[in-house]
Structures are given as structure tokens and as C-alpha cells.
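Subject: Structure handover

Hello,

Here is the structure I said I would pass on. Please look through it before reading the notes below.

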Amino acid sequence: MGYSLDTIDAQILALLQRDGRMQRNAISDEVGLSVSAVSERMRKLEAHGIIKGYHAVIDAKRLRLDITAFIRVRVDGSEHYDRFVNEVTDMPEVLEVHSITGEGSHVLKIRTKNTTTLERFLSQIQALPGVSGTSTSIVLSSFKETRTVPTEPMDAFAPNDSDS
């Protein structure tokens, strides 16, 4: 049950990643299709899970979330993985959760107000069942942060295995 992404779909995705609030008539002008054809393509992209949502990009610093940190977590024993992932995905500070190879078993990207709230957050993580250690890197400067992915036409790609 793949979806064949053509050049126009790729253009629509690129436009929406640049401006998720772009009006369908503006998209239709850019790609050279009618508004109804663009709407149908967007509906199909959504139905196939390629477009997962539309989001505002928030400046965390303006909300006084001054600390960005990456935390490597070592969770011992696979019996603890599911609970760990469920617990941390519900924490508002956590922006990303990844299962990794190498040092540790997971890496978290978090945002918090200051070092005091970071310390409190680390205590919460370290108290979770199966967590045997953490290693934290605080971000000093960020030169690129994006959720934009490259878009290009492809022949009938299959859904991601994690989507099953």
C-alpha cells in the first residue's frame, strides 16, 4: 500500500513545509493545478500519513525556555523500555525521544527554563525504573533547527515500518 509521490506532490510538500498556512489557491498557482486538484492531492497525502499535521513554529526563548539540552539515557533491560518511552513522551519538557545505538539506549531533546528546572527534570528521569545513568549536553548556540525534510518524487514508497 505505497503511494507514488510525483513532482507536483513534492512541490506541494515543499510549499507546505515552508508555510503550513499557505492558502490552497496560492498553492494551486505555484504548481499549476486547480484548487480542487490541490485539495484532493493534499487529502491523499494526509490519508497516507505523509502529511501528519500543521504546526506553528514557536520561539522558545520568547517563552523563557532558555535551556536546550540533549540527554543520553541508559535504560537497562528491555523490560523497562516501553514504560520509559511512555513516561518521557508525556513530559512537557521533552521535544524528541530517540532509541539509539552506542552510548546509552535513548537520547532526549528537551527545553526548560533554567539550570534549576533542568536539575529537577534530570532527577525525574533518573528516578524512572530501569534508568541506570544519564549524560547531559547543554546547547550553547543553535545554527539550524528544523522539521523540514527533503521532498522529491519517488516511485511507490512503502509506509514506514514504525507506522504499522
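Predicted model: local features only at pLDDT ≥ 70, side-chain atom pairs only at ≥ 80, totals over all residues.

Residues are numbered from 1 along each chain as its sequence is written, and side-chain values use heavy atoms, with hydrogens and water left out.

Domains

The protein chain is split into domain 1 (3–56) and domain 2 (60–138); the bounds come from an automatic or database domain assignment. Between the C-alpha centres of domain 1 and domain 2 there are 34 Å.

Salt bridges

There are seven salt bridges in the structure, a salt bridge being a side-chain nitrogen of Lys or Arg within 4 Å of a carboxyl oxygen of Asp or Glu. Helices (H or I, at least four residues) and strands (E, at least two) are DSSP runs, numbered from the N terminus. For accessibility, buried means under 20% relative accessible area, exposed over 50%, and partly exposed in between (1.4 Å probe, protein chains only).

One of the salt bridges joins Arg-41 to Asp-9, with 2.9 Å between the closest N and O atoms. This pair links distant parts of the chain, 32 residues apart: Arg-41 is in helix α3 (residues 35–47) and Asp-9 in helix α1 (residues 7–18). Asp-9 counts as buried because its relative accessibility is 1%. Asp-6, Asp-9 and Arg-41 are linked in a salt-bridge network.

Another salt bridge is between Glu-145 and Arg-111 (3.0 Å, N to O). Here too the pair links distant parts of the chain, 34 residues apart, with Glu-145 in the loop between β5 (131–138) and β6 (154–157) and Arg-111 in strand β4 (residues 106–112). Glu-145 is partly exposed at 42%, whereas Arg-111 is buried at 14%.

Glu-87 and Arg-83 also form a salt bridge (3.5 Å, N to O). Both lie in helix α4 (residues 81–89), four residues apart, about one turn of the helix.

Helix packing

Helix α2 (residues 24–31) packs against α3 at an angle of about 100°, the axes being 8 Å apart. Axes are lines fitted to C-alpha atoms, for helices over the stretch in contact, and angles run from 0 to 180 degrees between N-to-C directions. The angle therefore makes α2 roughly perpendicular to α3 (65 to 115 degrees). Contact means heavy atoms within 4.5 Å; the residues making this one include Ile-27 and Val-31 of α2 and Val-38 and Met-42 of α3.

Regards

Conventions:
Parallel < 35°, antiparallel > 145°, perpendicular 65-115°, else oblique.
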